Amino acid sequence: MAKKLTTQTGQPWADNQHSQTAGPRGPVLMQDYDLIEKLAHFDRERIPERVVHAKGAGAKGEFVLENDMSKYTKADIFNEAGKKTPLIMRFSQVAGEKGYPDTVRDVRGFSVKFYTQEGNYDIVGNNTPVFFVNDPLKFPDFIHSQKRDPRTNRRTNEMQWDFWAHSPESLHQVTYLMGDRGLPASYREMNGYGSHTFKWVNKDGEQFWIKYHLISDQGVKNMTNEAADKAAAQNPDYLQDDLFDAIEKNNFPSWEMYVQIIPYEEGLNYKWDIFDVTKTVSHKDYPLIKVGKLTLNQNPSNNFTDVEEDAFSPANLVPGIEASPDKLLQGRLFSYKDTQRYRLGANFEELPINRPVTEVHNYERDGYMKLNNQGGEVNYEPNAFDGPKEDHAASVAPDQLQGETGNQPYNYKVDYTTQAGDLYRLYSKEEQDRLIETIKDGLGSFDNDEIKTLEIKQMYDADKEYGTRVANALGLNIDSILATNN
Ligand code: HEM
């Protein structure tokens, strides 16, 4: 039997098809509370979309620990093989708005929230192991250049390439983005990376630098520019629908989690700056070590409460897993919860999808939409009333710091071209051809010579063939470009 229709305050709702009026031809009566409530609630349905990664899709599942990692971290989630931890994952594209086509070339977000026995732990990564910028001060400008022109409201290649050409640290990520990985065939068929270096600490206080790799059991598959254009025209929600339909058919996607583990001192003196997110760490130097499997086996029961209200943050860490000094990561530790207070409200962590499975006890109270206000418990510390006590075992492990304060550029083994060139050389001949074609379409779509010159010079520095081929594809002479003073 159908349920009884009610107002939000539970009164029976008499008529949901006809407003109350003075006579059949109107006007409408102020006393029609049902009408007023319905319109007023509808008027408030939209919340701000995520300032980046607005378009995405999510699903629930679990993580099974396959190898005990207690030698490297005391984090409960990674101790005792066989342990299962519920999780939610969200995949996204960076620049487009909420209604944007899924298959426009972009880096894809790859977020995981683990509901561990020590509180929530989030990995908020991408489908590429590096990033465009390495200083948080540059992030808002970077995003402005990828979003819409303030006057024309268009996204333009000129703005995007302008930022990249003037930010040489972006070349490695740009070479990923313009390569095949910029167009994943599905969210299921892409890898995820924590990208930054993080710190693991074991129960004896030993520290390790680690990097996460989430390798797709479905393999990595990408689509061509033509296939992506077609998908965008036929179904703007192409990647979202693929994920939902696969899970609905019990075709559960999974990823194997691996880590690279770098001994603490070695990491500080490694041949690359491991705290610069534009760099990768060689698998030969630090091979992938298997940790466990993430499987998605349940679609959201409601997209708004399970996905839109989801609040992932790199600051959601648990004992045994810590941030590294990576400057970009440090900026992120602030930005996510800040935007979520604005996007979802001060008490966003109490929304069902963000609630930990552990109990919450502290001295924070009140605010809009407070649900768990901790009853009559004492709300200040120190106190004589047996209020919640600190757990000193959760203290962060110490790092020795040196140097002076100030606005400082990176200064340890700064080199933004070698790894970009390595990536170019790693691509097959066919992928290199597609890369050049895609870059030609972007750089060739506007006239600004300064932008083209700067970018081609960086590509040439990375690999002479890379720069020369892009220049040729654009009908430009590489020697003339190299001779300019830009
Ligand atoms: C300083 C640099 C960065 C800043 C300030 C920043 C800021 C943000 C903000 C404000 C959001 C929206 C969060 C929300 O509304 O819930 C977001 C989402 C996201 N960011 Fe970043 N971000 C930065 C760098 C990165 C990097 C390096 C990665 C990947 C390695 C990344 C991956 C993501 C992902 C995957 C999401 C979507 C989370 C979700 O699915 O809800 N971001 N970022």
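This is a predicted model: local features need pLDDT of at least 70, side-chain atom pairs count only at pLDDT 80 or more; totals for chains, interfaces and linings use all residues.
Numbering runs from 1 along each chain as its sequence is written, and side-chain values use heavy atoms, with hydrogens and water left out. Local features need pLDDT of at least 70, and side-chain atom pairs count only at pLDDT 80 or more, while totals for chains, interfaces and linings use all residues.

The iron atom of the ligand has Y336 as its only protein donor, through OH at 1.8 Å. Donors here are N, O and S atoms within 2.8 Å of the metal (3.2 Å for Na, K and Ca), and since water is not among the atoms, sites may look incomplete. Y336 sits in helix α9, residues 327-344; helices are DSSP runs (H or I) of at least four residues, numbered from the N terminus.

The loop between α9 and α10 (418-426) holds P382, and Q374 and K413 are found in that loop too. E381 and P382 are joined by a cis peptide bond, as are G26 and P27, with P27 in the segment before α1 (33-43).

| Site | Backbone angle |
|---|---|
| G26-P27 | omega about 0° |
| E381-P382 | omega about 5° |
| Q374 | phi near 60° |
| K413 | phi near 45° |

Both phi values are positive in residues other than glycine. Q374 is buried, at 10% relative accessible area, whereas K413 is partly exposed, at 42% (buried means under 20%, exposed over 50%, partly exposed in between, using a 1.4 Å probe and protein chains only).

Note on methods:
Helices (H or I, at least four residues) and strands (E, at least two) are DSSP runs, numbered from the N terminus.
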